[in-house]
Amino acid sequence: MQIDRLAVADLGGAAFSASGRIVTAAPSPQGNMRVDLDAPDMAPVMAVLARLAPATAQALGRGVSVMAPAKLHARFTIDGAAPATVAKLGIDGSLGKVRVTLNGQANADAAAYTLGDLTVDGKLEATDGKALMVMLGLDRFVSVDAGPATLMLNAAARRAVKFRSIVG
């Protein structure tokens, strides 16, 4: 799969671009992809997401009011010889007043469509902790004082997860 340059300059005011190459002809896939999103308003982005991944759009829906403007950069790399293929995903940028940094890594078995030994590390930083709680949908359960807030995430899973269950 190769994307020399895919760009949508105006999706209801949002800009989207992707490029990269993943070679799947080898015993183990290798390559990388980059995706960028620049959206002054998240409503058009959420409308597209609702068609592609309705459950994800619904989960993010409550916080959409504080996610704009959004400027996100994602990189996906997959490398290694079977069965030790390593897939990595990194996302950084901002959603409204929240700075986002997420990095994940997993062992991948493309033939079995599984990920194993999955680790995710992330950090969400906001100048306004209340906006962070709204974005995460936690404002109904957690009360925070005005001022900056940071949420750190470290997760690991040792069980194999099917690709198809992640996507669909």
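Modeller: A salt bridge here is a side-chain nitrogen of Lys or Arg within 4 Å of a carboxyl oxygen of Asp or Glu. The model is predicted: local features need pLDDT of at least 70, side-chain atom pairs count only at pLDDT 80 or more, and totals for chains, interfaces and linings use all residues. Residues are numbered from 1 along each chain as its sequence is written, and side-chain values use heavy atoms, with hydrogens and water left out.

Biologist: How many salt bridges does a search of the whole structure find?

Modeller: One of them links Asp 38 and Lys 71. Another links Asp 92 and Arg 75. Searching the whole structure gives a count of 6.

Biologist: What else does Asp 36 touch besides Ala 15, Phe 16 and Ser 17?

Modeller: Contact means heavy atoms within 4.5 Å. Residues up to four places away in sequence are not counted.

Biologist: In E4, what is the bridge partner of Val 35?

Modeller: Strand E4 spans residues 70-79. E3 and E4 pair in the antiparallel sense, over 9 bridges. Val 35 has its E4 partner in Ala 74.

Biologist: Which side chain meets Arg 34 in a salt bridge?

Modeller: Arg 34 is partly exposed, with a relative accessible area of 35%. Buried would be under 20% and exposed over 50%, with partly exposed in between (1.4 Å probe, protein chains only). The N to O distance of the salt bridge is 3.3 Å. The partner of Arg 34 is Asp 36.

Biologist: How many residues apart in sequence are the parts tied together by Asp 38 and Lys 71?

Modeller: The side chains of Asp 38 and Lys 71 meet in a salt bridge of 2.8 Å, N to O. Asp 38 is in strand E3 and Lys 71 in strand E4, so this pair ties together parts whose separation in sequence is 33 residues.

Biologist: Are Asp 38 and Lys 71 buried or partly exposed?

Modeller: Asp 38 has 34% relative accessibility. Lys 71 has 40%. Both Asp 38 and Lys 71 count as partly exposed.

Biologist: Which strand holds Asp 92, the salt-bridge partner of Arg 75?

Modeller: The closest N and O atoms of Asp 92 and Arg 75 are 2.8 Å apart. Arg 75 lies in strand E4, so the pair ties together parts that are 17 residues apart in sequence. Asp 92 is partly exposed at 28% relative accessibility, and Arg 75 is partly exposed at 32%. The strand of Asp 92, residues 85-95, is E5.

Biologist: What is omega for the peptide bond from Ala 68 to Pro 69?

Modeller: Pro 69 sits in the loop between helix H2 (54-60) and E4. The bond from Ala 68 to Pro 69 is cis. Its omega is near -5°.

Notes:
Two strands pair if DSSP finds at least two bridges between them. Helices (H or I, at least four residues) and strands (E, at least two) are DSSP runs, numbered from the N terminus.
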